Amino acid sequence: MNENKKEKKLGEEAVSSETTKENKESDVKFEENDNWKFEAEAPTLDDNIALSNGFELEAKAEDKPKAKAKKEKKEKSQNIVINKRGLKIVLISFVSAVLAAAVIVFGIDYFALPNSKEKMNPGNVALTVGDMKVSVGMYNLYYNLVVSNYEQYAAQGYYDIDFSKDLSEQKTVDENDKEITWEEVFKLDTIKQLQYVAAYYEPAIEEGVTVTDEQKENIKSAVDNLKTTASEEGVSLKEYLKENYGEHCGVETIEKFYEQRNICENYYNQMQIKLSVSEEEALKYYEENKDDYLTFAYIENQFVLDGSDENIENLEDVKKTVQGYCDKIKTLDDLKELIPEACSGLVKTAISQGYFSDEKTAIETLKNSAVVTYKADTVAGNFGEDILNWLKSSERKDGDTTYYINEDYGYACIFLYTSEAKPDETELYSVRHILISPNDDPSTVADATDAEWSAALLKAEQVYDEYSKSDKSEFAFAQLAEKYSADTNTTSAGNAGLYGGEIKKTKLGEMVPEFEGWATDKARKYGDVEIVKSEFGYHIMYFIYDGPTYIFNLMDDALNKKGTDMINSVEYKEHFAFRKTTVAEPTTASASDETSENTTENVQ
């Protein structure tokens, strides 16, 4: 890899990883702790047992030869009818006796009260999600994290929620534009998180997915940090967890929470491979959903109304300025030429925040990204239904313009409808690789000896042979990358949220020539594997796809649809103990920042 390439290097730390995964999503993953088992199974009652009015159980005796005269009296009644009232009394008496015996054995608390030990007695099961039992404490933990997220976003102005007032009386609209209270939103979002968990955790356990040793250490560290924080605040850990994460949330709940999330994350990475979408599937998905996709051009203008801009004193001035820009635009070139003037505020902000090194680079980047393809719900969510309807209108023609103003955040977007706007065809490629380095530290490969290079090649050939003896699937290759690759930033050992040697949606010029040359060879087909040498070592390469950006985006959308459908298919049921769960009250306490950072997901 060329050391002058700044955007992506093998072995460098990744900038970020992605959620949760709601359900990664969710966006975002977990399991049940099986370390504890009941000594005996608890008797259960079938809620469906009922005898309707007029019920009779009738059975006919078989015809038999007459025996003796003294039995003739019995033969007069060969039809036996059991009255339902008598049967019901017997059943109730029997059930009552069993329940009474169970109470003696297990105690009334077993049936009536939650616990913080993650023991799934009837009094502690708030929900079943799929086949997964969710304790009162676990539900409360998720619920408090969901509420905490909303508090943070509300404080930044993203949501209009007053947490000092009754949340059951404050309303918003759901994804179907139906009115709903914020109290209901919190509950449904919590359940969505748990559906995500069940969707990935249950099959993960069936396939033997477990937490890694490193993840176990991370869980222990997280719990230790909580203990330290509680001690610093002068309270017991039990009190701290109750205060920040809700009633009946104990250490076992926290440990199980992290364990579930890790197992779900591990399985999610595998499922991303197994559910991967081909170009053909992506194009088919587009044809089935093309009305949801909109390609258009737009630029963003920033403004302030604090008096610092002598040309803009009020919102009417903003509208006049933006309309003036619209009047100058008839073509895509017109729009791009306006960027230095219309987007000057955005350019200055981006440079000051370190996104660009200079004005020229920023302007060129904005010009290259002026054309976008968004799904309809993204347009509506970012710019409102009016802009969505404007873009979709059958009356639109080339050169039409309009604008959207967000007064709260001080920006205006100028939209251009033009047939010149096409989906992004910038070339990208995706591969997996297993780096076998001649040196333990890939950054010091220049010091490796000829003998070390020879040893690295031999090992690369051995790993290649091991792959050749497998089922030769992408997943089999990914497992070998997890096991052998020296480029840990592309495996689960790194911090980039990647798995199996994945280098995905990579732009030209970001990787070393040998690597990129192999990946972009037009003769490549999905599943091609070869050993390629670079200055960093030997790369065992697995080809996935090379093509335009918009195809990659379609692949991602189709894959996300599969995941969403899987999560939405998980059913849930509330139980008696659900009445013990948390409901947000005015001035609800936020979860601690530390754990919120560690556990926040794409409450996708």
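## Lining of the second largest cavity

Glu 118, Met 120, Met 132, Lys 133, Val 134, Ser 135, Met 138, Leu 194, Lys 256 and Gln 260 line the second largest cavity of this predicted model. Two elements give two or more residues to that lining, namely strand E4 (132-135) and helix H8 (251-274). E4 gives the most, with four residues. A cavity is here a set of points, on a 1 Å grid over the protein atoms alone, where a 1.4 Å probe fits but cannot get out, and lining residues have an atom within 4 Å of a point. Helices (H or I, at least four residues) and strands (E, at least two) are DSSP runs, numbered from the N terminus.

The volume of the second largest cavity is about 40 Å³, a volume being the space filled by probe spheres set on grid points that are joined across faces, edges and corners. By class, its lining has five nonpolar, two polar and three charged residues. In this scheme Ala, Val, Leu, Ile, Met, Phe, Trp, Tyr, Cys and Pro count as nonpolar, Asp, Glu, Lys and Arg as charged, and the others, Gly among them, as polar.

## Basis of the model and overall composition

The model is predicted: local features need pLDDT of at least 70, side-chain atom pairs count only at pLDDT 80 or more, and totals for chains, interfaces and linings use all residues. Residues are numbered from 1 along each chain as its sequence is written, and side-chain values use heavy atoms, with hydrogens and water left out.

The secondary structure of the chain comes to 21 helices and 15 strands. Of the 604 residues in the chain, 42% are buried, where buried means under 20% relative accessible area, exposed over 50%, and partly exposed in between (1.4 Å probe, protein chains only). The accessible surface is about 33,800 Å², and carbon and sulfur atoms account for 47% of that surface. These areas come from the Shrake-Rupley method with a 1.4 Å probe; for residues, only the protein chains shown count as cover.

Most residues other than glycine have a negative phi. Glu 118, one of the residues lining the second largest cavity, has a positive phi of about 65° although it is not a glycine. Glu 118 is found in the loop between helix H3 (108-112) and strand E3 (125-129). With a relative accessible area of 7%, Glu 118 is buried.

Lys 472, also not a glycine, has a positive phi of about 60°. Its position is the loop between helix H17 (450-468) and helix H18 (474-484).

## Strands E11 to E14

Strand E11 (residues 427-436) is mostly covered, nine of its 10 residues being buried. E11 runs antiparallel to strand E14 (residues 537-548), to which 10 bridges join it; two strands pair if DSSP finds at least two bridges between them. In this pairing Val 431 stands opposite Phe 543, and Tyr 429 opposite Asp 546. E11 is also joined to strand E12 (residues 502-507), in the antiparallel sense, by four bridges, with Leu 428 opposite Lys 507.

E14 is mostly covered as well, with 11 of its 12 residues buried. Strand E13 (residues 529-534) pairs with E14 in the antiparallel sense over six bridges, and a hairpin joins E13 to E14 through two residues. Ser 534 stands opposite Gly 537 in E14.

Glu 516, in helix H19 (residues 513-519), counts as buried at 15% relative accessibility. Leaving aside residues up to four places away in sequence, Glu 516 touches Tyr 429, Lys 507, Leu 508, Gly 509, Glu 510 and Met 511, contact meaning heavy atoms within 4.5 Å.

## Strand E10 and its partners

Strand E10 (residues 411-417) is largely enclosed by the rest of the structure, because six of its seven residues are buried. Six bridges join E10 to strand E7 (residues 293-302), which runs antiparallel to it; Asn 301 stands opposite Ala 412 in E10.

Strand E9 (residues 400-406) is joined to E10 by seven bridges, again antiparallel, and Thr 402 stands opposite Phe 415. E9 and E10 form a hairpin with four residues between them, and Gly 410 in the turn has a positive phi of about 70°.

## Tyr 285 in helix H9

Tyr 285 lies in helix H9 (residues 279-289) and counts as buried at 9% relative accessibility. Its contacts, not counting residues up to four places away in sequence, are Tyr 293, Lys 375, Leu 554, Asp 557, Ala 558 and Lys 561. Tyr 285 and Ala 558 are 273 residues apart along the chain, yet their C-alpha atoms are separated by 6.3 Å.

Technical notes
1 Å grid on protein atoms, 1.4 Å probe; cavity = no way out; pocket = protein on both sides within 12 Å on 5 of 7 lines; lining within 4 Å.
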